[in-house]
Amino acid sequence: MTKSKKKLEVWTAVSIVLLLAFLLFLVYPMFGLLKQSVISTDGQFTLAEFSKFFSKTYYTGTIVNSMKVTLAVTAVSLILGVPIAYFYSFYKLKGAKVLFVLSILCSMSAPFIGAYSWIMLLGRNGVVTKFLESLLHISVGSIYGFKGILLVQSLKFFPLVFIYMNGAFKNIDNTLMEASANMGCTGVRRLFRVVLALSMPTILAASLMVFMQAFADFGTPMLLGEGYKTFPVLIYDQYLGETGQNYNFAAALAVIAIAVTAIVFFFQKWATSRFKFSMNALHPVEKKEAKGLGGLLMHLYCYILVAIAFMPQLYIIYLSFRNCSGAVFKPGFSLGNYQAAVKKLLVRSIKNTTVLGVLSLAVIIVIAVLIAYLVVRRSSVLNNSIDTLSMLPYIMPGAVIGLALLIAFGKKPFALTGTLTIMVIALVIRRLPYTIRSATATLMQISMSIEEAAISLGASKAKTFLQITVPMMANGILSGAILSWVAIVTELSSSIILYNNKSITLTMSTYVAINRGNYGLAAAFAAILTVVTTVSLIIYMAVSKSEDVSL
Amino acid sequence: MSNNISIKHALKKYGENVIIPDLSLEIKEGEFFTLLGPSGCGKTTLLRMIAGFNSIEGGDFYFSDRRINDLDPAKRNIGMVFQNYAIFPHMTVRKNVEFGLKNKKLPKDEVAKQADKFMKLMHVDEYADRLPERLSGGQQQRVALARALCIEPDVLLFDEPLSNLDAKLRVEMRSVIKNIQHSVGITTVYVTHDQEEAMAVSDRIAVMNAGVIQHVGTPKNIYQRPANLFVSTFIGRSNVLAAKLAVENGETWVVMPSGYRAKMDHVQDQYRREQDIQLSVRPEEFQLNRDASAGGISATVDDCVFLGLMTHYFVHLESGEEVEIIQESSIDSIIQPGSQIKLTLNTEKVNVFTADGSANILTGVCNDCAAG
């Protein structure tokens, strides 16, 4: 088989190149991070940084804070998201599609923009706060701290639960519902004992997703936390360096963060393994009419929830057209904020965002397709370890990846800090696990015999891959890619560590403006960002020709 | 153009797991040859070795005089039809059919002409510009067939092509396949687990079990004179009864435990001696006598099923063995369960195997013989 052996070697070469890339851009930085955390500045092995962390409640408290608020967010997201998904999947709601699309938009926006908008609404000088105080003499209490983070993150993440659960409910076969009714189990009892029990794997998957994203979210607690400091904020503070450019303590914190997320990840895997079954409905559940008082309450619940979640985005767009000087919005409307934005690197931000997004996305798609092909069609120890390696970033908070890359490539021979290259690397590493999952799932559904048919018709292996395999994967990859694009555009947690004035993005410009108290400017940047994500998602729905989103 | 296929001492292993230990086979030029066997018997594995999708651990494969063991699957000039059709979903019917022709680097107008010819032949020309997802299973399989045929392959391979179709379409498509094969005359290897389908389409059938060919012959021969007990029970239904062979005055008799005797004239000379045997009787090879006092094997009717043309009787013998009998339905009343009856054998048709079931001891068995 001289000919096919040569082809096999091409794929072996691809495997090796990918492995080397992962070793250089993932394993080496992680190793550097670990090393930085246990080797002191004078080259001695020490656990001093870890004992420093565990000896002060100021530090350990941040873990407790993070855990508390993240668990609360996960629980509230489930409590908000499961009912809306249930109503949406089992009843004919009026304007159901609008509800779904708005929910997706909410979940895709940058979290800190939501936080910022809520400050404008409910903060010390927020419109709603002032309105309630002056007219009704009601004090709404402080939005800062635990409550604020819980509010903003729950409203941001319940749509994730909604999207996940909708997928699960759709796979419940109607005959299962009828069978349980036959055996006398209906109504609420059936909801808990059949519907939710059947959806348990998805509930757990959604919980993990919400937990990981909420735990790693940096923007929201940074803006809203004030005294309530969470772990990612602590990492960022330490990286900024109270004692100069010594990253040792920050590195130790990053290692602890990975440990925490890894424990949660494996706990979730263990929990999921107890519900190992899959469903595929031959007869999907037929949606019932939502009538009477119950139907009215359902509609009210769904509309009010989505309206509250979507309000911040609309409010930001409204604010962006208001006159503003510094942190104070004045009466009247103008394009002043946008004019200020143009002066403040708007063009550069948009250019960088576009270049970063396109470049990262291209790299992500190529690598994801190759890895999916290697894993599904040429399974081997080497290829499976590449796959496992590529999944590692899934459990790494963005700030940790940013920090690791900074330590690895901040000095010669790879002085990449502040370049677009290092940001591309960070974004590729961050988003790759998701795209690989969807590419692998797509390829698994493509029967091997289609490729064999092409080969038996005289097509070479390369031609078969490019003309048959890749086009058939295209739909699955493309829809995943647009979601990755949105995630890349709204990325904050790793970029904040890696960016500088030259590689500034739209998201970073927004954040900087908020941080400096240029609220009008921030609103303009945020509004542009919101429009970009909205347009991307509309394209996504047009391309995938469905209202479904798989994350 | 067409080739004979010659397989010599083929060996297939997955790690230490031997799928096909040592298989030799001659498939004649222009022949419709079927590999038939239960799932896991290695028939698809063998087909994929011919196609080049499975590695060959030992032995030689020839298309005519060309050894193809090391030939790239893309260069074997094979037309293959798959169980799940394997139609490219992102290409129109025309693009699918033209795919193989374009790989041959034929001039453009010739590609179109050839594709048109075969789309017409398979009656899919009216769907030429449709995407396959809008075609039914039967139409998709016609497209697959047109695509495989239009490259004018040396060998045509079918991997259970009809098993995804419904029963009615299956019958229709198998005559389509058979007629097309006869008109183009390309050597064809066809894999199926459905014996009726195999009988309907094949010139010759190889019955496989556990990676070993049990019997190669015409459909008629493997049904009427199966080479061993496995073939006898796998092809059609057979009642297997323990009995003895007795030789008296130069005549050979089958003796049942109940004492019933039947003269067997066509036992091979080498087997004409006293021995334990296994008697294989198809349900239609029993003669049923309602008169319990007549001669024959005593039996009691347990159940009967009237199916119009035929009536099936489920009976048990004195020895306790359960037997199925099929009789043409008669106008008088059906024999009621519990009735005592007598059975005799149609000695011309029944088969007699050695006690271990490994060989048919009657004359007329034709396993891979020239007479076909």
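**Strands, domains and chain contacts**

User: Which residue in S9(B) is the bridge partner of B:Thr34?

Analyst: The bridge partner of B:Thr34 in S9(B) is B:Ile205. Strands here are DSSP runs of E with at least two residues, helices are DSSP runs of H or I with at least four, and both are numbered from the N terminus. Before going on, note that this is a predicted model, in which local features need pLDDT of at least 70 and side-chain atom pairs count only at pLDDT 80 or more, while totals for chains, interfaces and linings use all residues. Residues are numbered from 1 along each chain as its sequence is written, and chains are lettered from A and ligands numbered from 1 in the order in which they are written.

User: OK, and how many bridges join S3(B) and S9(B)?

Analyst: S3(B) and S9(B) pair in the parallel sense over four bridges, where pairing requires that DSSP finds at least two bridges between the strands. S3(B) also pairs with strand S8 (residues 187-192) of chain B, again in the parallel sense, over five bridges, and there B:Phe32 has B:Thr188 as its bridge partner.

User: How many residues of S3(B) are buried?

Analyst: Four of the five residues of strand S3 (residues 32-36) of chain B are buried, which leaves the strand mostly covered. Buried means that 20 or more other C-beta atoms lie within 10 Å of the residue's own, exposed means 12 or fewer, and partly exposed lies in between, with C-beta atoms placed from the backbone.

User: What about the open sheet in chain B, what is its order?

Analyst: The order is S2-S1-S4-S5 (chain B), an open sheet of four strands with antiparallel pairing. Strand S2 (17-27) and strand S5 (66-67) of chain B are the edge strands, each having a single partner strand, so one side of each has no neighbour in the sheet. Strand S1 (residues 5-14) of chain B pairs with S2(B) over seven bridges in the antiparallel sense, and B:Ile5 stands opposite B:Ile27 in S2(B).

User: Which residues have a positive phi without being a glycine?

Analyst: B:His123 has a positive phi of about 55° and is not a glycine, and B:Asn249 likewise has a positive phi of about 55° without being a glycine. Most residues other than glycine have a negative phi.

User: Where does B:His123 lie, and where is B:Asn249?

Analyst: B:His123 lies in the loop between helix H3 (108-121) and helix H4 (137-149) of chain B, and it counts as exposed because it has 12 C-beta neighbours inside 10 Å. B:Asn249 lies in the loop between strand S11 (239-248) and strand S12 (251-255) of chain B, and B:Asn249 is exposed too, with 4 other C-beta atoms within 10 Å.

User: Switching topic, how is chain A divided into domains?

Analyst: The assignment, which is automatic or taken from a database, gives domain 1 (1-32 + 332-551) and domain 2 (62-320) for chain A. Their C-alpha centres lie 24 Å apart. Their contact takes 33 residues from domain 1 of chain A and 35 residues from domain 2 of chain A, two residues being in contact if their C-beta atoms, placed from the backbone, lie within 7 Å.

User: Which element gives the largest share of the domain 1 side?

Analyst: H24(A) does, with 10 residues of the side of domain 1 of chain A that touches domain 2 of chain A. By class, that side has 23 nonpolar, nine polar and one charged residues. Nonpolar covers Ala, Val, Leu, Ile, Met, Phe, Trp, Tyr, Cys and Pro, charged covers Asp, Glu, Lys and Arg, and the others, Gly among them, count as polar.

User: And how many residues does each chain give to the contact between A and B?

Analyst: Chain A gives 19 residues and chain B gives 20 residues. On the side of chain A that touches chain B, helix H1 (2-38), helix H20 (448-456) and helix H21 (461-489) of chain A are the elements giving two or more residues, and H20(A) supplies the largest share, seven residues.

User: Last one, what confidence does the predictor give the complex?

Analyst: The complex has an ipTM of 0.79 and a pTM of 0.79 from the predictor. For chain B, the mean pLDDT (the predictor's confidence in each residue, from 0 to 100) is 90, and 99% of its residues reach 70 or more.
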